[in-house]
Amino acid sequence: MGKPGKPKLAVWKFASCDGCQLSLLDCEDELLQLADAIDIAYFMEASSRQVKGPYDLSLVEGSITTAEDEVRIREVREQSRALVTIGACATAGGIQALRNFGDVKEFTAVVYARPEYINTLETSTPISAHVPVDFELQGCPINKRQLLEVISAFLHRRPPQVPAHSVCIECKLRGNVCVWVAHGTPCMGPVTHAGCGAVCPAYNRGCYGCYGPKENPNTASLSHWWQEELGTDRVTLVENLRNFNAAAPAFAAESRRQEADDGKE
Amino acid sequence: MGKSKTIKVDYLARVEGEGALYIRYDDSGVHDVKLKIFEPPRFFEGFMRGRDYREAPDITARICGICPVAYQMSALHAMEDALGLAPTPELRALRRLIYCGEWIESHVLHIYMLHAPDFLGYDSAVAMARDHPNIVQDGLEIKKAGNSIVRLLGGREIHPINVRVGGFYRVPDPGELGKLRETLERAQEMAADMVRWAASLSFPRFERAGEETYEFVALSHPDEYPMNEGRVVSNKGLDIAVHEYEQHFQEEHVPYSNALQCVLKERGAYFVGPMARYNLNFDRLSPRVKQLAGEIGFPRFCGNPFQSIVVRSLEVLYAFDEALRLIDSYQQPSEAYLEAEPYASRGCAATEAPRGLLYHRYGIDEAGKITDARIVPPTSQNQKTIEEDLRLLLPQYLRLPEAQLQGLCEQAIRNYDPCISCSTHFLQLHLEQGRGALQ
């Protein structure tokens with residue numbers, strides 16, 4: 001049982017793959033120490049003990065895709081002093097937000113034999129579309145070091161040290177050779193939020209944007225150079241803007257702009 | 001007739017994803033068992049239409065954060081089947097190595113964090129660690145070693161980035177594998193102790209006999225314990241190629257669940273996962289695992305699902321033995337991947353995810369865009385067997401106090417390490433009844 005005075009942590013799941021909450025259990029070296037410092041009061045994947053709120057910090061994984069979850073997220077907010085979203089689903093709607101694009105009617109007709117029987121919303125939306133969020137930790141999946149930093153920061157009531165710059169900066173820090181410049185590989189790095197440690201370029205692969213947009217990304221310029229300099233076709237460009245953070249505003253606006261341009265040409 | 005009672009768990013803890021349990025019973029027996037899956041569906045099969053075939057491994061990885069490698073492996077083998085690509089033996093060995101890492105990481109998570117608290121009477125591994133710190137710390141250490149394989153070969157533990165249709169983006173050099181070897185050797189010893197510890201737990205008695213005996217279904221390969229290829233076989237005579245899968249298995253929709261239940265057309269419910277693999281492939285385990293199974297007196301055919309924790313432990317030890325063998329015989333591939341040109345085609349594959357058989361089938365067009373996708377995850381396949389277990393188990397334990405009985409039912413569900421996040425994402429919505437799929 002938690003000692004009195006220990007801050008209470010809750011972990012909530014909405015539509016998601018469980019990977020971001022798993023990041024907490026993947027902190028093999030820190031987990032027991034963490035459990036010593038805080039009371040893990042509600043974490044269904046890891047414990048059948050359920051301590052009632054209010055909670056000092058709620059970590060929220062997953063996006064909102066059902067009417068029930070629209071209500072539940074408000075209840076979570078009411079019980080939480082601080083609410084932090086973890087991962088691309090909670091922060092941008094996740095891969096399941098692909099349903100937000102294109103002809104929804106046609107899409108539902110393909111997938112649903114009897115759409116009227118299924119209690120799901122037509123969109124997948126981030127937590128911030130429903131309740132105020134104190135901090136959004138981006139990534140698909142999140143970085144566990146950053147997760148520990150965010151937990152520590154909120155429990156000490158200080159701002160988290162999570163840089164909002166691009167993956168390009170991380171490549172320089174890691175000493176990676178630029179896959180774009182050296183190999184002509186299309187890379188989302190210039191517009192993508194840091195946090196992964198530039199893992200794709202370190203494995204000879206272009207970044208595919210799984211950490212979502214960086215602060216003030218110049219997506220129009222990226223699109224231009226992908227097509228002009230690297231000869232990438234527009235379909236591939238749109239696929240890269242529209243995957244795990246498809247509904248993040250900066251990526252969504254650019255992918256829609258590309259589609260509109262495609263229509264004009 | 002005694003008074004009707006119910007067991008109701010609104011939100012099952014220590015499983016991946018969102019599920020509930022409802023059982024109605026009285027002294028004369030069990031009248032209703034429902035494993036309700038209320039996790040919202042995410043419709044992967046719908047939105048994958050029109051996407052590039054090369055994206056399938058990365059997109060389907062997002063179905064499950066616990067076993068992303070399994071999704072990547074089934075997806076890329078299905079695409080390679082469609083495009084007539086055969087990976088070289090060197091690339092095949094590396095795929096087997098990363099799969100070993102995921103088996104270890106996923107099994108050890110389940111053994112220590114989700115299942116063991118049931119046996120030792122705690123609500124979580126963290127609570128268990130107060131009285132049994134060494135056991136939990138060892139578990140975390142073994143899990144970390146599994147993750148170190150996935151991190152090296154995949155780039156990161158969750159949703160690895162380094163596997164692709166045709167091979168890998170980058171293959172490791174022998175020096176990197178040498179460092180990994182040291183980590184694995186240390187953890188291998190701990191894994192052997194884990195097997196002995198798991199075998200020392202006390203298991204609820206539960207055997208199914210006669211008509212009720214399980215049909216275990218797993219891949220089987222002539223030369224190796226199954227991971228990425230083999231025929232689909234069972235202990236009741238099934239022996240088919242993977243491309244015949246859909247002729248023999250079908251998914252049914254039940255109104256109270258967001259997941260489809262898969263059954264064998266001929267015989268109904270079946271059982272996939274570590275126990276099925278073990279029971280059907282014991283001979284292909286490593287000598288050390290077979291020897292240790294003998295030492296602890298564990299049968300080569302296990303029929304009690306509560307002992308699945310021992311089978312998982314044996315598979316973890318096997319994965320260490322196999323990973324070390326693969327590292328020792330490593331030949332760095334000359335090419336990291338095989339090139340492919342897409343053409344209109346269809347392909348399918350099944351691999352052994354930690355929780356059991358994972359089937360993928362895709363169609364692609366001449367531009368390499370996906371025209372249709374079908375995915376059958378392990379938990380959809382085990383759901384019906386889980387419900388049957390509960391139906392048969394309860395009458396044997398009716399004398400237990402209700403709270404204990406409920407705990408036993410939850411433990412019986414955890415025997416299967418159900419991954420509910422996996423199970424719901426494939427709803428094709430051939431609804432048969434005029435009721436909402438969500439209750």
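Predicted model: local features only at pLDDT ≥ 70, side-chain atom pairs only at ≥ 80, totals over all residues.
**Phe14 of chain A**

Next I looked up Phe14(A). I found Phe14(A) in the loop between strand E1 (8–13) and H1 of chain A. Is Phe14(A) buried or exposed? I counted 27 C-beta neighbours inside 10 Å, and the cut-off for buried is 20 or more, so Phe14(A) counts as buried. I set aside neighbours within four places in sequence and listed the contacts of Phe14(A). They are Val60(A), Glu61(A), Gly62(A), Ser63(A), Ile64(A), Asp69(A), Ile73(A) and Ala90(A). I also took one C-alpha distance: Phe14(A) and Thr66(A) are 52 residues apart along the chain, with 9.3 Å between their C-alpha atoms.

**Chain A overall**

I noted 12 helices and 5 strands in chain A. The radius of gyration of chain A is 20 Å, close to the 18 Å that the globule rule gives for 265 residues, so chain A is as compact as a globular protein of that length. Along the principal axes, the C-alpha atoms of chain A fill a box of roughly 65 × 55 × 25 Å. Of the 265 residues in chain A, 52% are buried. I also looked at contacts in chain A between residues at least 6 apart in sequence; 73% of these join residues at least 24 apart.

**Where chain A touches chain B**

I moved on to the interface. Here 48 residues of chain A are in contact with 51 residues of chain B. Which elements of chain A give two or more residues to this side? I found helix H1 (19–25), helix H2 (31–37), helix H5 (104–111) and helix H9 (199–202) of chain A. H1(A) gives the largest share, 5 residues. I sorted the residues on the chain A side into 27 nonpolar, 10 polar and 11 charged.

**A hairpin in chain B**

I turned to strands E2 (residues 19–26) and E3 (residues 29–37) of chain B. They run antiparallel, and 8 bridges join them. A hairpin of 2 residues connects E2(B) to E3(B). I noted one bridge pair: Arg24(B) has Asp32(B) in E3(B) as its partner.

**Annotated positions in chain B**

The unreviewed entry lists Cys67(B) and Cys422(B) for "binding site". The "binding site" feature is also placed by UniProt (unreviewed entry) at Glu45(B), Ile375(B) and His425(B).

Where does Cys67(B) lie? I found Cys67(B) in the loop between helix H2 (56–61) and helix H3 (68–83) of chain B. Cys67(B) counts as buried, because 28 C-beta neighbours lie inside 10 Å. Beyond neighbours within four places in sequence, Cys67(B) is in contact with Glu102(B), Ser106(B), Ala353(B), Pro354(B), Arg355(B) and Cys419(B).

I located Glu45(B) in helix H1 (residues 44–47) of chain B. Glu45(B) has 21 C-beta neighbours inside 10 Å, so Glu45(B) counts as buried.

Terms used
Residues numbered from 1 in each chain as written. Chains lettered and ligands numbered in written order. UniProt positions renumbered as here; feature names shortened; annotations may be inferred. Helix = DSSP H or I, 4+ residues; strand = E, 2+ residues; numbered from the N terminus. Buried ≥ 20, exposed ≤ 12 C-beta atoms within 10 Å, placed from the backbone. Contact = placed C-beta atoms within 7 Å. Rg over C-alpha atoms; globule rule 2.2 N^0.38 Å. Nonpolar A, V, L, I, M, F, W, Y, C, P; charged D, E, K, R; others polar. Pairing = 2+ DSSP bridges.
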